[in-house]
Amino acid sequence: MYSLMRSMSLRSLLVEQLPVLLLSMIIAEVFYKFHSFTLETVAFLATWFLIDFVVQSVLRAIAKRAAQPQA
C-alpha cells in the first residue's frame, strides 16, 4: 500500500483510486457478511483490485482509441 501511495501522484490517487476505493467499500459493506474480518478484508481487497483492473483497462482502451489517427 505504501508503494502504491508513493508511486502515484496525488491527483492520480484522488481521481483514479478514490472512486474505486469508495465503490469497493460500499460493495463490501452491503454484500460481504462472512462473519470473519479476514475473509471480508480479502474479499474487499479482491473487489478493489478487480474494479480497478476494469477501470484501468477501459481508460487504456479509450486512450488507445483517441491516439489512433482518424481516417
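Okay, some ground rules. Residues are numbered from 1 along each chain, and side-chain values use heavy atoms, leaving out hydrogens and water. As the model is predicted, local features need pLDDT of at least 70 and side-chain atom pairs count only at pLDDT 80 or more, while totals for chains, interfaces and linings use all residues.

Let's start with helix H3, residues 37-67; a helix here is a DSSP run of H or I, at least four residues, numbered from the N terminus. H3 has 31 residues, so at 1.5 Å a residue it should span 45 Å, and its end C-alpha atoms sit 44 Å apart, which agrees. That expected span is 1.5 Å times one less than the number of residues. Among the buried residues of H3 are Phe-44, Trp-48 and Ile-51, where buried means under 20% relative accessible area, exposed over 50%, and partly exposed in between, with a 1.4 Å probe and protein chains only.

Now, what lines the largest pocket? Tyr-32, Phe-37 and Phe-44 are among the lining residues, and H3 gives the most, 4 residues. A pocket is an open set of points on a 1 Å grid over the protein atoms alone, where a 1.4 Å probe fits, with protein on both sides within 12 Å along at least five of seven lines; lining residues have an atom within 4 Å of a point.

Back to Tyr-32: this residue is stacked with Phe-34, 5.7 Å centre to centre and 15° between planes. Rings pair if their centres lie within 6.5 Å, and stacked means planes under 30 degrees apart. Tyr-32 counts as buried at 18%, whereas Phe-34 is partly exposed at 40%.

Key. Helices (H or I, at least four residues) and strands (E, at least two) are DSSP runs, numbered from the N terminus. Rings of Phe, Tyr and Trp (its six-membered ring) pair if their centres lie within 6.5 Å; planes under 30 degrees apart count as stacked, over 60 as edge-to-face and the rest as tilted.
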